[in-house]
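Trainee: I would like to go through the labels used for this protein. Could you take me through them one by one?

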Amino acid sequence: MAGRPRPGGERGPAGGRRGAGPRWWPRWDCCCGLGGLEYSEVDVAAMAQLFGYVDVTDSGFVAAVFSIAFNPFFWNVVARWEHKTRALSRGFGSPHTACYCLGTVILLLNCVRSHCFTEAMKSQPKLEGLDSHWAYYSGLAIMAVGTLFVISSFLALGFTGTFLGDYFGILMEAKVTCFPFSILDNPMYWGSTAVYLGWSLMHASPAGLLLTAVVAISYTIAVLYEGPFTEEIYQQKQRGPKSN
């Protein structure tokens with residue numbers, strides 16, 4: 001969601017997916033899209049100063065946090081339910097139709113998330129140190145790179161490869177190794193995170209920066225949650241012919 005990786009490489013909603021090789025989601029690589037960031041090295045004082053600029057009780061901010069956290073929770077719960085019951089595939093008449101419908105819902109939810117994110121930034125004060133040309137153009141560059149990762153991931157994976165097709169039984173034949181998967185794990189997830197980071201810098205918004213951290217955390221949790229389950233799907237595929 002927003003996406004995802006696949007045996008092609010990644011899953012999407014905003015998000016990321018894996019490949020069909022011997023392993024798809026190495027847990028220790030899940031944050032390499034953030035440059036191998038060591039969370040223990042984050043400047044606590046800087047984070048405390050950031051919180052000083054943000055009213056976390058503001059209804060708009062709370063709505064943004066909820067929408068960010070809800071999206072990956074929603075697509076994982078629904079996708080696992082579909083994988084277990086095939087209820088959506090039966091209801092819509094085919095796995096492909098069901099996957100396209102779920103993907104459309106995820107896209108709409110991502111639009112709501114982006115709207116809530118933007119409104120939360122507008123309702124909070126700007127950070128004077130970031131209200132400058134260098135911050136604006138740095139944010140624009142980061143946003144452009146993030147958009148490149150998201151779009152190129154989608155083109156490499158296709159719609160079903162991006163939007164949880166493997167949970168519907170629509171499995172990819174080979175691991176996607178072309179750009180951007182050749183240089184980054186889970187490029188759709190981290191590309192989406194970069195888009196929000198760039199958008200926040202362009203608006204000199206401490207609330208946006210804090211919400212971007214929430215986006216990164218939600219995707220990190222999604223990767224850890226989805227990885228083993230998706231790996232098992234493709235292991236079952238590999239074992240299938242042998243068991244016959």
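Mentor: Let us talk through rings, charges, cysteines and backbone angles in turn.

Mentor: First, this is a predicted model, in which local features need pLDDT of at least 70 and side-chain atom pairs count only at pLDDT 80 or more, while totals for chains, interfaces and linings use all residues. Residues are numbered from 1 along each chain as its sequence is written, and side-chain values use heavy atoms, with hydrogens and water left out.

Trainee: Thanks! How many aromatic pairs does the structure hold?

Mentor: There are 10 aromatic pairs. Rings of Phe, Tyr and Trp (its six-membered ring) pair if their centres lie within 6.5 Å; planes under 30 degrees apart count as stacked, over 60 as edge-to-face and the rest as tilted.

Trainee: Why is the pair of Phe 66 and Phe 70 called stacked?

Mentor: The two ring centres are 5.7 Å apart, within the 6.5 Å limit, and the planes are at 15°, under 30 degrees, so Phe 66 and Phe 70 are a stacked pair.

Trainee: What makes Phe 66 and Phe 70 about one helical turn apart?

Mentor: They are 4 residues apart in helix H2 (residues 59–85), which means a separation of about one helical turn. Helices here are DSSP runs (H or I, at least four residues), numbered from the N terminus.

Trainee: Why is Phe 66 called exposed, and Phe 70 partly exposed?

Mentor: Buried means under 20% relative accessible area, exposed over 50%, and partly exposed in between (1.4 Å probe, protein chains only). Phe 66 has 56%, so Phe 66 is exposed; Phe 70 has 28%, so Phe 70 is partly exposed.

Trainee: How do you know that Tyr 100 and Phe 159 are stacked?

Mentor: Their ring centres are 4.5 Å apart and their planes are at 5°, so both values pass the cut-offs for a stacked pair. This pair links distant parts of the chain, with Tyr 100 in helix H4 (residues 95–122) and Phe 159 in helix H5 (residues 133–162), 59 residues apart. Tyr 100 is partly exposed at 42%, whereas Phe 159 is buried at 17%. Ring pairs also link Tyr 100, Phe 154, Phe 159 and Phe 163 into a cluster.

Trainee: What lies over the face of Tyr 225?

Mentor: That is Arg 80, at 4.1 Å from the ring centre. A charge sits over a ring if NZ of Lys or CZ of Arg is within 6 Å of the ring centre and within 35 degrees of the ring normal.

Trainee: On to charges. How many salt bridges does a search of the whole structure find?

Mentor: The search finds 2 salt bridges. The term asks for a side-chain nitrogen of Lys or Arg within 4 Å of a carboxyl oxygen of Asp or Glu.

Trainee: What makes Glu 82 and Arg 86 a salt bridge?

Mentor: Their N to O distance is 3.8 Å, within the limit, so the label applies. Glu 82 is buried, at 0% relative accessibility, while Arg 86 is partly exposed, at 29%.

Trainee: And how do you know that Lys 122 and Glu 119 form a salt bridge?

Mentor: The N to O distance is 3.7 Å, so this pair also meets the definition. Both residues lie in helix H4, 3 residues apart, about one turn of the helix. Lys 122 is exposed at 60%, and Glu 119 is partly exposed at 35%.

Trainee: How many disulfides does the structure hold?

Mentor: The structure holds 0 disulfides. Cys 99 is in none, and the nearest cysteine sulfur is that of Cys 101, 9.3 Å away.

Trainee: Last topic: which residues does the cis peptide bond join?

Mentor: Phe 179 and Pro 180, with omega at about 5°. Pro 180 is in the loop between H5 and helix H6 (187–202).

Trainee: What phi does Asn 186 have, and why is Asn 186 called buried?

Mentor: Asn 186 has a positive phi of about 55° although it is not a glycine. Its relative accessibility is 6%, so Asn 186 is buried.

Methods. Helix = DSSP H or I, 4+ residues; strand = E, 2+ residues; numbered from the N terminus. Disulfide = S-S within 2.5 Å.
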